[in-house]
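Please look through the protein shown below, and work through the questions that follow on how its parts are packed and paired.

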Amino acid sequence: MSILSLNTRRLAKRFVKQMLAPVCLLALCLFVGSPAVATEVADWQAAYADTIVSVATEFATKEDMFDPQAGVLVTLVDLDFDGVPEMYLGMLAQGQYDYLVDDQLHTFREGRVVLCTIAGSAPGDPPMGQPLQKGSEGSERNHISLVIEPESGLRRFVSRTTSNEGAYDYAAQLTLLQLQGESMEYAELAAFNLPDELESSMEDDEEATRYFNEQAEAFMQRYEVVSDQGCTTFTLRFPDDWGTNGAPAREDVLRQLQEYCEPVVGC
């Protein structure tokens with residue numbers, strides 16, 4: 001190879017590097033500086049966000065809502081397994097514990113939000129959603145499980161709720177959650193009360209929790225448990241999550257709705 005052709009190749013390589021360097025730097029700056037692609041908003045998410053803001057704003061005008069840290073519990077659970085979750089709204093007055101003062105269940109059908117009945121209740125009736133409300137806590141004591149019935153192979157949602165209504169008044173319940181058309185129905189699967197001998201000797205709540213967990217786990221062995229986190233839930237608290245316009249920020253509500261995931265895929 002001649003010295004002339006070798007020098008020509010070296011000059012060509014140097015020219016290419018000098019030309020490409022600014023182009024690559026510009027491309028990198030454009031990539032880093034460009035805004036992230038927004039997550040696509042599903043129709044049900046946008047519709048539910050509007051409903052939450054509307055319901056929460058109306059609730060904020062009631063006297064109950066002016067108790068600091070009262071709020072609205074939002075629970076998403078796909079009760080009819082159609083790929084779009086139903087939305088439970090529990091209006092909470094804050095005391096020593098959250099006190100349910102009103103509740104609603106919504107589904108999304110044919111592009112619109114539909115208000116359902118809960119356990120045969122009518123609008124204005126006392127709230128009937130305790131298995132959904134308490135099961136939404138996702139704690140050791142209370143949670144909603146997605147299970148499969150071995151005999152039928154059907155998927156079901158079961159709510160476990162444990163309550164302590166007084167110093168010595170303990171109870172636990174397993175409830176089947178079923179959506180029949182536009183009506184939410186509850187079917188009690190099992191209920192447990194604390195034995196007198198344990199109640200009289202019990203030193204703290206943890207003993208009762210252990211007892212109820214053992215009873216519930218023994219009962220649940222008849223099912224295949226897919227997930228003990230069968231729902232996605234969040235709570236809007238007053239006044240922290242309310243803007244100066246007297247309503248929760250729709251963007252914040254929408255962001256939390258977008259965090260919903262199907263429990264069947266391990267969420």
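Q: In this predicted model, which handedness does the crossing of helix 2 and helix 6 have?
A: The model is a predicted one, and in it the axes of helix 2 and helix 6 come within 9 Å of each other, crossing at roughly 130°. That angle makes helix 2 oblique to helix 6, because an angle has to be over 145 degrees to count as roughly antiparallel and from 65 to 115 to count as roughly perpendicular. The handedness of the crossing of helix 2 and helix 6 is right-handed.

Q: How many nonpolar residues are there in the contact of helix 2 with helix 6?
A: On the side of helix 2 the contact is made by W44, Q45, A46, Y48, A49, D50, I52 and V53, and on the side of helix 6 by R250, V253, L254 and L257. Of the residues in this contact, one is polar and two are charged. The number of nonpolar residues in the contact is nine.

Q: Which residue forms a salt bridge with R250, and how many residues apart are the two?
A: The side chain of R250 meets that of D50 in a salt bridge, with 2.6 Å from N to O.

Q: Is D50 buried, partly exposed or exposed?
A: A residue counts as buried under 20% relative accessible area and as exposed over 50%, with partly exposed in between. R250 has a relative accessibility of 31% and therefore counts as partly exposed. D50 has a relative accessibility of 43%, so D50 is partly exposed.

Q: How many salt bridges does a search of the whole structure find?
A: Side chains of opposite charge can pair when their charged atoms come close. Over the whole structure, the number of salt bridges found is five.

Q: Which residue forms a salt bridge with D80?
A: The closest N and O atoms of this salt bridge, which joins D80 to R109, are 3.3 Å apart. D80 lies in the loop between strand 1 (71-77) and strand 2 (86-94), and R109 lies in strand 3 (residues 98-109), so the pair ties together parts that are 29 residues apart in sequence. D80 counts as partly exposed at 25% relative accessibility, and R109 counts as partly exposed at 24%. The partner of D80 is R109.

Q: What is the phi of E110, which is not a glycine?
A: E110 has its place in the loop between strand 3 and strand 4 (112-118), and with a relative accessible area of 84% E110 is exposed. F81, in the loop between strand 1 and strand 2, is a residue other than glycine with a positive phi near 55°. For E110 the phi is likewise positive, at a value of about 50°.

Q: Is G230 buried or exposed?
A: G230 is placed in the loop between strand 9 (224-227) and strand 10 (232-237). Leaving aside residues up to four places away in sequence, G230 touches V77, I144, L146, F157 and P263, and its C-alpha is 8.9 Å from that of G138, which is 92 residues apart from G230 in sequence. With a relative accessible area of 2%, G230 is buried.

Q: What distance separates the C-alpha atoms of L73 and T233?
A: L73 lies in strand 1 and counts as buried at 7% relative accessibility. Residues up to four places away in sequence not being counted, L73 touches several residues, including Y88, L92, Q133, T233 and F234. L73 and T233 are 160 residues apart along the chain, and their C-alpha atoms are separated by 7.3 Å.

Q: What percentage of the residues in the protein is buried?
A: The protein has six helices and ten strands. Among its contacts with a separation of 6 or more, 56% are accounted for by residues 24 or more positions apart. Of the 267 residues in the protein, the buried ones make up 40%.

Key:
Residues are numbered from 1 along each chain as its sequence is written. This is a predicted model: local features need pLDDT of at least 70, side-chain atom pairs count only at pLDDT 80 or more; totals for chains, interfaces and linings use all residues. Side-chain values use heavy atoms; hydrogens and water are left out. A salt bridge is a side-chain nitrogen of Lys or Arg within 4 Å of a carboxyl oxygen of Asp or Glu. Buried means under 20% relative accessible area, exposed over 50%, partly exposed in between (1.4 Å probe, protein chains only). Helices (H or I, at least four residues) and strands (E, at least two) are DSSP runs, numbered from the N terminus. Axes are lines fitted to C-alpha atoms, for helices over the stretch in contact, and angles run from 0 to 180 degrees between N-to-C directions. Angles under 35 degrees count as roughly parallel, over 145 as roughly antiparallel, 65 to 115 as roughly perpendicular and the rest as oblique. A crossing is left-handed if the near helix is turned anticlockwise from the far one by less than a right angle, and right-handed if clockwise. Contact means heavy atoms within 4.5 Å. Ala, Val, Leu, Ile, Met, Phe, Trp, Tyr, Cys and Pro count as nonpolar, Asp, Glu, Lys and Arg as charged, and the others, Gly among them, as polar.
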